[in-house]
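Okay, thanks for coming, everyone. Let's get the structure up on the screen and walk through it together.

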Amino acid sequence: MKAVIIHEHGGPEVLTYQDREAPTPGPDEVLIEIHATSINHIDIWIRKGLPGIRFPLPLIPGCDAAGIVRAAGERVSGLAPGTRVVINPGISCGHCEFCAAGFGSQCDSFTMVGENRDGGYAEFLTVPASIVLPIPDSLTFEEAAAAPLVTLTAWSMMVNKGQLRPGEDVLILGVGAGVGTAALQIAKMTGCRVFAAAGTEAKLDRAHQLGADFLINYAKEDFDKKIRQLTDRRGVDVVVDYIGADTWVKSLRSARKGGRVLTCGATTGFDPRTDLRQIFYRQVQVIGSTMGSHRDFLDAMRCVFRGQIKPVIDRVLPMSEARKGHEAIERREVFGKVILQPRSK
Ligand SMILES: [Zn+2]
């Protein structure tokens, strides 16, 4: 099969498009013929390498994958060959104290497709049947591959851990990212007012089309001052910040007294200067989240299947052009997801 493989960490040039033997499913696994995968920011971190973390190189990246079941192991039931499916990228044990409490992404043995084992940048993929979900005919493979990681991440952070409530004011920073477009739609369907921040007018226009109530160009103005002005000095109930270093203190200042700052990433750096006064005097809660439980995945994907959350796709590329996709994301010129098609020539 054709696959994109990372043999060593580095720039987009280390994404190598080459032949690789197709995998065979174990007793509890299915073999999926992949029709679409998508690029997530974590793919870029894995490609570059992270201090203190060993990835199993050579590795096929790609957390998201949608396609058709072609074979199933002897212990798998309910996933017949020919079934159109998508996967939950997170694999947890199902029986440790964290899984038992419903927090699968805190599992002692939590692993990710495309991070700890081969992922979706390939023509075929084997994964445990427990993370595979059939998709309705109304959903294209591209839409299905655009949704899981970012929608699960936003859902678990906002609905499960962030306890989002109707009527709340929500600030979303970097709204053009995949997580941002999902977070915006989740906030709107919950009945919140959305303050969308992005660095270009084009991205803000798209956010407005998705239902954002207030638009803030944070390349041109201080978003924390703008939030105080727009909320009559109160601040917002919830801030969604995966930007990190560039935005952190302003995010704390943008929350109302007792508000929540939710973080699920740090695309501009993970060690920002902080201001603890903003947390204790103003009693702001900082809530961290990564991925989510399988329950979160099923809840979020149900909304995708019903059309209540629409996967936002910036562009579709043949898998052989994965490098172009990574470069576009690193230049921050995309709104929504970049899709890769293993089967387009
Ligand atoms: Zn577990």
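Predicted model: local features only at pLDDT ≥ 70, side-chain atom pairs only at ≥ 80, totals over all residues.

Residues are numbered from 1 along each chain as its sequence is written, and side-chain values use heavy atoms, with hydrogens and water left out.

So, the overview. We have 11 helices and 17 strands in this protein; those are DSSP runs, H or I of at least four residues for helices and E of at least two for strands, numbered from the N terminus. The radius of gyration is 20 Å, close to the 20 Å from the globule rule for 345 residues, so the protein is as compact as a globular protein of that length. That radius is taken over C-alpha atoms, and the rule is 2.2 Å times the number of residues to the power 0.38. The C-alpha trace spans about 60 × 40 × 40 Å along the principal axes.

Of the 345 residues, 54% are buried. A contact, for us, is heavy atoms within 4.5 Å. Take the contacts with a separation of 6 or more: 70% of them join residues 24 or more positions apart.

Now some helices. Which residues of helix 1 are buried? In helix 1, residues 41-48, they are Asp43, Ile44, Ile46 and Arg47. Looking down the axis of helix 1, these buried residues fall within an arc of 165°, so they line one face of the helix. The arc is that of the directions from the helix axis to the C-beta atoms. As a reminder, an α-helix has 3.6 residues a turn, so residues three or four places apart point the same way. And what does that buried set pack against? Strand 1 (2-6), strand 2 (15-19), strand 3 (29-39) and helix 11 (322-330). Just after helix 1, glycine 49 takes a positive phi of about 90°. Further along, in the loop between helix 1 and strand 4 (64-72), sits proline 58, and the peptide bond joining leucine 57 to proline 58 is cis, with omega about -5°.

Helix 7 next. Its buried residues include Phe223, Asp224, Lys226 and Ile227. They cover an arc of only 160° around the axis, which puts them on the same side of helix 7. Their cover includes strand 10, strand 11 (193-198), strand 12 (214-217), strand 13 and helix 8 (248-254).

Arginine 233 is in the loop between helix 7 (223-230) and strand 13 (236-240), and at 66% relative accessibility it counts as exposed.

Alanine 146 is in helix 3, residues 141-146, and at 2% relative accessibility it counts as buried. How far apart in space are alanine 146 and isoleucine 339? They're 193 residues apart in sequence, and 6.8 Å apart C-alpha to C-alpha. Leaving out residues up to four places away in sequence, alanine 146 touches Ser38, Pro311, Ile313, Lys337 and Ile339.

Then leucine 210, in the loop between helix 6 (201-209) and strand 12. Is leucine 210 buried, exposed or partly exposed? At 24% relative accessibility, leucine 210 counts as partly exposed. With residues up to four places away set aside, leucine 210 touches Thr181, Leu184, Gln185, Lys188, Val312 and Phe335.

Technical notes:
Buried < 20%, exposed > 50% of the residue type's maximum accessible area, 1.4 Å probe, protein only.
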